[in-house]
Amino acid sequence: MENFIPTGYKLKTIATNRVFDDEGWIIDDPQCDSPSLVRAMYEKKQIEPKPLSCGIYRFADWLPVRRTLKGSCAPVTYKSEKLAKKLGLNNLYITFNGYFPKIGATMKTCSFKETEAYSVCGRLAADCDKVLVVASAGNTARAFAKVCSDNGIPLLLSVPEDNLDALWFEEPLDECVKLIACRKGGDYFDAIHLSNLVLKSDRFLAEGGAKNIARRDGMGTTVLSATTFIGRIPDFYFQAVGSGTGAIAAWEANLRLMEDGRFGKNKMRLIVSQNDPFLPMYRAWKAGSRALPAYDDDQARTDAESINAKVLSNRKPPYGLAGGLYDALKDTDGDMLKATNAQAEAAQRLFLETEGVDIYSAAGVALHSLVESVQAGTVRPDDTVMLNITGGGEKMFQKDKRLWRLEPSLVFPLDPDPEKTLEKVSALFD
């Protein structure tokens with residue numbers, strides 16, 4: 001993008017309402033003693049989307065980025081006909097994040113995690129001399145690996161060994177991208193623990209996960225895509241959740257759109273869902289609790305291994321903190337549903353039959369919840385519905401391609417020695 005001028009913004013701590021300046025990479029408010037997200041408050045109150053050729057940066061008015069990076073694609077929204085007819089809905093809009101050239105969707109990692117990666121890496125200063133660290137269950141790692149490889153940004157990924165099949169690429173990656181893994185039997189939480197050991201060195205920089213405003217506002221472009229396409233804020237928003245970050249981002253984007261004033265004043269009802277039996281947030285929500293229930297480590301790992309949608313297996317999600325998913329669901333009169341592997345698979349087949357493209361398991365979980373909500377009468381025929389397809393088109397993209405896979409440089413036990421871990425990982429970047 002030529003002549004890019006970053007949008008001005010302040011940071012606001014949700015727990016205390018303190019407003020302050022972003023000094024470059026603030027993840028938490030150092031003056032807040034309770035768990036809380038910080039939120040970007042943009043000076044520009046009415047969004048003006050740029051041309052499609054700008055990729056995700058067409059929504060740069062509401063992205064906390066200092067620069068634009070090459071290769072991005074914005075989420076694509078279209079009005080469904082066949083699936084809508086099957087469900088008896090008159091206003092079903094699909095926001096597709098993946099590879100589906102027929103509608104203009106060209107995300108080569110086939111996942112909406114690209115929206116996070118291009119925003120987070122665009123927030124990094126061009127002269128940053130630290131190694132960005134990202135822990136992931138799979139799709140996020142693939143997205144960050146591609147973006148950092150294409151743009152020469154040093155990156156360390158931490159991924160469970162059981163999830164390494166998600167790290168496929170169209171071509172070999174640049175040497176600036178390195179991968180470490182926690183051994184088989186570990187899950188996303190173990191990958192986070194491993195990355196935290198590395199972050200004890202100032203040489204490395206924590207990406208920050210849900211606490212990073214750039215990650216959330218990048219994901220929020222799904223709602224910006226839908227609303228600017230439809231011309232109004234939807235009545236319902238459907239998405240599967242592992243951390244809930246995407247749904248929090250959707251809520252925050254909704255609040256900005258209300259302030260914009262041109263798209264209505266309604267709050268979308270967030271209907272989010274988990275993959276049964278990995279249900280920590282579902283159980284908390286149904287119990288009316290802000291706190292997550294106790295979850296035995298071994299049982300959590302077993303449940304995470306048993307679900308098809310491995311990306312939905314976050315044991316420590318941003319659920320109960322101020323500005324987290326619990327608050328988002330409460331504020332929007334939302335709900336948390338669940339879907340089994342079999343139910344998600346049936347939904348995936350339904351989408352392929354009606355819309356003509358394969359979708360990921362997580363998107364199948366979301367679609368099942370939409371089907372269930374229609375059958376229950378929660379969603380009515382004339383409601384305006386946004387279905388966030390968070391990943392799809394992988395089979396279409398991979399067809400007749402020879403893929404390259406990123407292999408870990410190091411594999412660690414689930415209880416690694418802190419000093420030796422840091423020493424070995426640091427040596428990868430010497």
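Predicted model: local features only at pLDDT ≥ 70, side-chain atom pairs only at ≥ 80, totals over all residues.
View 1. Strand E13 (residues 236-240) and strand E16 (residues 384-389) run parallel and are joined by three bridges. Within this pair, phenylalanine 236 of E13 faces valine 385 of E16.

**View 2. The open sheet that contains E13 and E16.** Six strands form this sheet in the order E4-E5-E16-E13-E14-E15, and their pairing is mixed. Strand E4 (76-79) and strand E15 (335-339) are the edge strands, each pairing on one side only. On average, neighbouring strands are turned by 25° against each other, direction ignored.

**View 3. Helices H6 and H12 against the sheet.** Helix H6 packs on the sheet, where it touches E4, strand E5 (91-96), E13 and E16. The direction of H6 makes about 40° with that of E4. Helix H12 (residues 361-375) lies across E5, E13, E14, E15 and E16 and runs at about 140° to E13.

**View 4. The largest nonpolar core.** This core comprises 45 residues, and those with the most contacts inside it are Val223, Leu270, Leu325 and Met336. Elements giving two or more residues to the core include strand E1 (9-13), strand E3 (38-42), helix H6 (221-230), strand E14 (269-275) and helix H10 (325-331). Helix H7 (245-260) is also one of these elements, and H7 gives the most, with seven residues.

**View 5. Surroundings of valine 223.** Neighbours within four places in sequence being left aside, valine 223 is in contact with Tyr237, Ala250, Ala253, Leu257, Met268 and Met386.

How values were computed
Residues numbered from 1 in each chain as written. Heavy atoms only, no water. Core = buried A, V, L, I, M, F, W, Y, C linked by side-chain atoms within 4.5 Å. Buried < 20%, exposed > 50% of the residue type's maximum accessible area, 1.4 Å probe, protein only. Helix = DSSP H or I, 4+ residues; strand = E, 2+ residues; numbered from the N terminus. Contact = heavy atoms within 4.5 Å. Pairing = 2+ DSSP bridges. Axes fitted to C-alpha atoms, helices over the stretch in contact; angles between N-to-C directions.
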